[in-house]
Amino acid sequence: MFLVFGMNVCTIGEMLLLPAIPTFSSERTGKSAPFYMGLSGGFGNVGRMTGPTIYGNVYDHWGVLPVIVIGTLTSAVSLLFFLMHASLHKLSKENVSKGQIATY
């Protein structure tokens, strides 16, 4: 039951994230946008090819527990990087009150 719930959460997250990545890169990179959009799409495709193979082999050799541990650790590291990024790009209250927005 928890695996079905987790798969639903991952699917919704993927639906929200996948359109945002090309939009973000096209807004921030100007004339280099096609290169960066292709690069992010290429990394996504590499992940779709290697992920099931690696996780399948781990599952075949050691069972489901290492797969869950690796997935949990990967999610924790991703959350840590997100929090680091958010704290580095946080606007101060003075800048928000002046109407300034974050630029990258």
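**Briefing: largest pocket and side-chain contacts**

The largest pocket holds about 1,200 Å³ of space. Of the 29 residues lining this pocket, Met7, Cys10, Glu14, Tyr55 and Ser75 are the closest to its centre. The model is predicted, with local features requiring pLDDT of at least 70 and side-chain atom pairs counting only at pLDDT 80 or more, while totals for chains, interfaces and linings use all residues. Residues are numbered from 1 along each chain as its sequence is written, and side-chain values use heavy atoms, without hydrogens and water.

**Pocket lining**
- A pocket is an open set of points on a 1 Å grid where a 1.4 Å probe fits, with protein on both sides within 12 Å along at least five of seven lines; lining residues have an atom within 4 Å of a point.
- At least two lining residues come from each of α1 (2–17), α2 (20–29), α3 (33–62) and α4 (64–88), helices being DSSP runs (H or I) of at least four residues.
- α3 provides the largest share of the lining, 10 residues.
- The lining comprises 15 nonpolar, 12 polar and two charged residues.

**Aromatic pair**
- There is one aromatic pair (ring centres within 6.5 Å).
- Phe35 and Tyr36 are edge-to-face (planes over 60 degrees apart), because their planes stand at 75°, with ring centres 5.1 Å apart.
- Phe35 is exposed at 53% relative accessibility (exposed means over 50%, buried under 20%, partly exposed in between; 1.4 Å probe).
- Tyr36 is partly exposed at 39%.

**Salt bridge**
- The structure has one salt bridge (a side-chain nitrogen of Lys or Arg within 4 Å of a carboxyl oxygen of Asp or Glu).
- Arg28 and Glu27 form this bridge, their closest N and O atoms lying 3.4 Å apart.
- Arg28 is partly exposed at 38%, whereas Glu27 is exposed at 56%.

Note on methods. Points joined across faces, edges and corners; volume = space filled by probe spheres on them. Nonpolar A, V, L, I, M, F, W, Y, C, P; charged D, E, K, R; others polar. Phe/Tyr/Trp six-rings, centres within 6.5 Å; stacked < 30°, edge-to-face > 60°.
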